[in-house]
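This report covers one protein chain. Please look over the sequence and the structure below before reading on.

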Amino acid sequence: MAPRAWVIAALGVALLALSLLIRQPLPALVLLLLGSTMLLIHTIAVLAAWRAERDERALLTTLTTLTADDLSGCLLSDADGAVVFANAAAKARFGEVTGGSIAASFSTIFAQPASALYRLQNAALAMGAGREEVQAGQGRVMISVHAVGGDGFLWRIEDMPIHPDHIHGSETVGLPMLTLARSGQILYMNEALRRLLGEREKTIDRVLPELPLRPNDMNLVRTEKGILAMLVCEAEIPGGRRELYFLPEPRKRLADTAGWGMVEALPVPILKLAPDGTILMANARAMRLLNVDEAAGIPLAQLIDGLGRPITDWLDEAWQGRNLGRTETVKAVRRPDETFVQVSLDLMDEESGSVLVVVMSDATEFKSLEKQFVQSQKMQAIGQLAGGIAHDFNNLLTAISGHCDLLLLRRDNRDPDYADLIQISQNSNRAAALVSQLLAFSRKQTLKPDVMDLAEGVADLSHLLGRLVGERIKIEFNRDSKIAPVRADRRQLEQVVMNLVVNARDAMPEGGHIKLEVRNLYLGGVLERDRVSVPPGQYVTLRVVDEGTGIAPDKLTKIFEPFFTTKGPGKGTGLGLSMAYGIVKQSGGYIFVDSVEGSGTTFTIYFPVYRPPADTGQRVTRPTEAISTPAAPRTLSETDPVIAPNVEQLDDLLPRATHDPGTVRGGTVLLVEDEAPVRAFASRALQLRGYEVIEAENAEVALRLLEDPELNVDVVVTDVVMPGMDGPTWVSHAIKDRPGVKVVFVSGYAEEAVSEHQKRIPNSVFLPKPFSLSELTATVSAQIH
């Protein structure tokens, strides 16, 4: 009985005694009632405890009688999972478990029992009983549970019989082996391994004391005779399971050539080498991996390559006992495809002398994943670099070009400094274009896609392309008569075409022809090439074909990398093709290159056909409509007019600067910018246009200014990334008290990097850096009016 029950009884007796000592009737009556109530509560508690103990004794007596002769283990647990009863069979199987937990008892027959117990206990609570069959070592057991009384559970563990048809085929193999689950639980262990270990183990950590497992390599194995070093070979089987085979420890003797038959049955490619590196024996899997019909008598150096040093030197080191067990990755030279092989070496003794045993595995998929990972890491690194450069460099460019605009406001073309200022402005624009190229490669620039006819877009460029390539090179433009629509950024796509054509021109110093082709294409299946999968569907392709010097095979995989160029110093930044790659990928397309040295190069771009939403009423060209006779080739001549490239001009700024120095607009602007030069330029620009400007160097200062209820602000112009609180965060606090204020976010990062934050702020727009005086004032004016 709980001690507190006796405390209540003692307190009740004390109150009764106290009531007898007090002479005042009313207090004495109160104390008498309280004491009597406490004694009554104690009596009820004693009776309830006695009854519960009687019922428990009766239950245990009944269970003892019912399960005494049961060959299956029976356990009774309470609601907390504590074992309160175990029959003789359970004690024989688990030991003395009374007082322990049911989960601890079951963990001796299968790994991680908590989830199974949870399911079964819930089933018992819901339906009164539950049962489940689980894997336990090399066999299976049936666990059943019944709800007993108010909060008890009766568990029964019954071994399932093993049908002769279910005997594992590996029992007939003399080589020790086991089957391993993903969790590390041993699902099966053959008799050979049980004899080696001395007992049946349930988890791999009981077999291999040093984890993780090194497949096809030397591992320490805990055996009946102690810790031994053994070669553990691995083979994957369906369901994510693995089979492990245990070969004799190094330097053990192979009885004779006939003993190789055991190795022949292994699901692992294995060779045996003579001291001079010649293959003595090879199992069937090894010959298939190396693509030879008969390997015996062939030097290993003729079948593999790629160590970066002679194969014979590597084998000599192994004969000297150096680097044994260490894996090397090489190429199988006789395979028609690119196949990589992981190889490890170990020494063994035969009656005729020592031999080298070579254990191999196919590592092609691993090497492919490794290449993709390295490439993705490279792309991620340059993307981070591009973002950082864009932010810091665009702040500098905003200050430079902005103050240049302010100077131009006070000068015209008769001023001696006018030409110098124009040079500063133009070179600032060139610097901004370089940053834009980095952003294009890293796919972080802001695209403005529109539905367009790709053929018409290329045709519009034809006159400018003719001027770009010069008189020695002729451009031919071929297209299908009816091109399906695509969705892309027209200006960025023009930049891609110009870069590809300029590269084609540079590859033909003696002149030649460049072909531009726009075609419809329907892929009926997946197109696999260059580690890229193009899904089936309808596409529009753009091909740029030249007759130039071509690209060497070892450079084909690098041409889209940033800063990689085959041109001489000062003749290219190495960003043209990387920018084209980024724009195409960001637009949802694919770009491939084919080249033969001395014969020319072809770039092929795939754009998926645009399919508008069903309710827009737009018509989509079907594959059957897209196949048509191509138009006749068109040759561009030197006499074709030139279309000027899209370069930011000051034409809109200068007339206003010279003749209209400042139209009064009116309004109050809160300018929040941590870069002092940018803040100074923006403040002066807005003041010249008639705005009252209040400056703040960070978000905290801006919030303090807005605490003044008399301060009226029409527009907030704020940087996005600042020390402390960022732009969208502080503005979200500010608009709680000023819900109608308009916001202009400015940033040196691409709009894509901040758009998610900007969407949280109503009445906001984005102005990328570097911005000009006219762009800033026009954006603020548009927000106000």
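Areas come from the Shrake-Rupley method with a 1.4 Å probe, and for residues only the protein chains shown count as cover. Leu33 sits in helix α2 (residues 25-67). Its relative accessibility is 52%, so Leu33 counts as exposed. Here buried means under 20% relative accessible area, exposed over 50%, and partly exposed in between (1.4 Å probe, protein chains only).

## Basis of the model

This is a predicted model: local features need pLDDT of at least 70, side-chain atom pairs count only at pLDDT 80 or more, and totals for chains, interfaces and linings use all residues. Residues are numbered from 1 along each chain as its sequence is written, and side-chain values use heavy atoms, with hydrogens and water left out.

## The chain overall

The protein chain holds 22 helices and 32 strands. These are DSSP runs numbered from the N terminus: helices are H or I with at least four residues, strands E with at least two. Of its 785 residues, 45% count as buried. The chain exposes about 40,600 Å², and carbon and sulfur atoms supply 54% of that area. Among contacts with a separation of 6 or more, 57% come from residues 24 or more positions apart. A contact means heavy atoms within 4.5 Å.

## A parallel sheet

An open sheet of 5 strands runs in the order β29-β28-β30-β31-β32, with parallel pairing. β29 (692-696) and β32 (764-768) are the edges; each has a single partner strand, so one side of each lacks a neighbour in the sheet. From one strand to the next, the twist averages 20°. Two strands pair if DSSP finds at least two bridges between them.

Strand β31 (residues 742-747) is joined to β32 by 5 bridges. Strand β30 (residues 715-719) is also joined to β31 by 5 bridges. Val743 of β31 is the bridge partner of Val716, and Val743 also stands opposite Ser764 in β32. In β31, 5 of the 6 residues are buried, so the strand is largely enclosed by the rest of the structure. Helix α18 (residues 676-688) lies across β28 (668-672) and β29, at about 165° to β29. Axes are lines fitted to C-alpha atoms, for helices over the stretch in contact, and angles run from 0 to 180 degrees between N-to-C directions.

## A buried threonine

Thr398 belongs to helix α10 (residues 364-408). Its relative accessibility is 0%, so Thr398 counts as buried. Leaving out residues up to four places away in sequence, Thr398 touches Val678, Phe681, Lys769, Pro770 and Phe771. The C-alpha atoms of Thr398 and Phe681 are 8.4 Å apart, across 283 residues of chain.

## Salt bridges

The count is 16 salt bridges. Each has a side-chain nitrogen of Lys or Arg within 4 Å of a carboxyl oxygen of Asp or Glu. Arg119 and Glu132 form one, with the closest N and O atoms 2.5 Å apart. Arg119 is in helix α5 (residues 114-127) and Glu132 in strand β3 (residues 129-136), so the pair ties together parts 13 residues apart in sequence.

Glu234 pairs with Arg242 at 2.6 Å between the closest N and O atoms. Glu234 counts as buried at 19% relative accessibility, while Arg242 is partly exposed at 27%. Glu673, Asp719 and Lys769 are linked in a network of salt bridges.
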